[in-house]
Amino acid sequence: MTTAGEPCSHHAMTRKIDIQGHRGARALFPENTLEGFLAAAALGVEAFELDVAMTADGVVVLSHDPVLNPDIARDGAGVWLTRRGPAIHTLTHAALSAYDVGRIRPGSTLSVQFPEQAPNDGAHIPTLAQVLAALPHARFTIEVKTDPAHPDWTATPAALADATLSVVDAAGAVGRVIVESFDWRVQRHVRQTRSDIRLAWLTRAETVRDAALWWGDATGVGSVPGRVAAEGGPIWAPDHTDLTESHVREAHALGLLVLPWTVNQPADISRLIAWGVDGLITDRPDLALGLV
Ligand code: G3P
Ligand code: CA
């Protein structure tokens with residue numbers, strides 16, 4: 001999976017593993033910030049995963065959380081939020097831009113998880129357009145964050161996917177993006193409306209267990225890569241903690257590319273590479289690039 005749009009290459013003699021920095025390079029720089037993407041790109045990272053949400057006035061922005069996260073957000077006065085919220089889709093872009101997301105809240109669980117993250121005070125939530133423009137050569141796996149259990153938290157899957165792709169089109173970036181979601185209504189909508197967009201199908205234990213909710217499917221789940229292949233692939237993006245070598249083999253036999261997330265430990269990165277994954281999403285793309 002060298003670039004979005006290139007043919008499947010996992011049987012080639014020399015294999016190139018697509019290392020994608022998760023939310024930029026989350027272990028090193030504030031997540032989903034323009035500053036973080038630029039700093040990671042300066043380290044040689046060429047591909048990134050990011051998450052999108054949409055403001056009340058229709059601006060597509062980068063955020064993992066549909067509501068502002070008190071572990072990363074400070075208000076315009078620099079005061080940490082005391083609880084979750086407000087929801088991004090209730091704020092105008094101007095109002096959202098007041099928040100500072102350049103540092104993890106000291107003392108939070110997240111700060112313990114990412115002790116090496118270098119703060120960048122004053123970093124704001126960027127728009128997708130800004131990020132695509134600032135990194136004209138980078139590839140992006142864009143996760144459209146909708147949740148079938150919480151339709152009130154975001155725009156609809158179709159509306160958020162369409163708004164995202166309008167930004168991608170305006171940036172002339174179709175050839176360097178992949179669209180992914182756990183909520184398969186997103187990919188099904190894109191598959192029907194945009195045959196030019198490369199798709200990845202996210203899975204994790206919860207969405208497989210609750211396939212009726214996440215995939216709109218009350219019948220038996222069967223093989224997960226089999227399901228992704230039946231949807232048309234071409235990429236399966238599983239939680240790496242659920243992945244086995246035989247899954248990778250099965251997915252490849254079905255013609256899929258395998259892009260596990262979020263793989264941060266060197267031993268896990270090396271093991272997955274040995275299993276033949278086509279790429280991986282990691283909070284430590286610097287480390288992963290050193291291992292491939
Ligand atoms: O790209 C997949 C991965 O990012 C999914 O998990 O919760 O970090 O968005 P999450
Ligand atoms: Ca994500």
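Hi everyone, let's start at ligand 1: one of its oxygen atoms is 3.5 Å from an N or O atom in the side chain of Asp-51. This is a predicted model, where local features need pLDDT of at least 70, side-chain atom pairs count only at pLDDT 80 or more, and totals for chains, interfaces and linings use all residues. Residues are numbered from 1 along each chain as its sequence is written, chains are lettered from A and ligands numbered from 1 in the order written, and side-chain values use heavy atoms, leaving out hydrogens and water.

Now, what coordinates the calcium ion, ligand 2? Glu-49 (OE), Asp-51 (OD) and Glu-143 (OE) do, at 2.1 to 2.2 Å. Donors here are N, O and S atoms within 2.8 Å of the metal, or 3.2 Å for Na, K and Ca; water is not among the atoms, so sites may look incomplete. Along the sequence, the donor residues follow the spacing E-x1-D-x91-E. Asp-51 belongs to strand S2 (residues 47-54) and Glu-143 to strand S4 (residues 139-144), so this pair ties together parts 92 residues apart in sequence. Strands are DSSP runs (E, at least two residues), and helices are runs of H or I of at least four.

Last, the backbone. Most residues other than glycine have a negative phi, and most peptide bonds are trans. Arg-23, back again, has a positive phi near 55°, in the loop between strand S1 (18-22) and helix H1 (34-42). A cis peptide bond joins Gly-85 and Pro-86, with omega about 0°; Pro-86 is in the loop between strand S3 (60-62) and helix H2 (93-96). Gly-233 and Pro-234 are also joined by a cis bond.

How values were computed: Polar contact = N/O pair within 3.5 Å; in protein donor to acceptor, adjacent residues only side chain to side chain.
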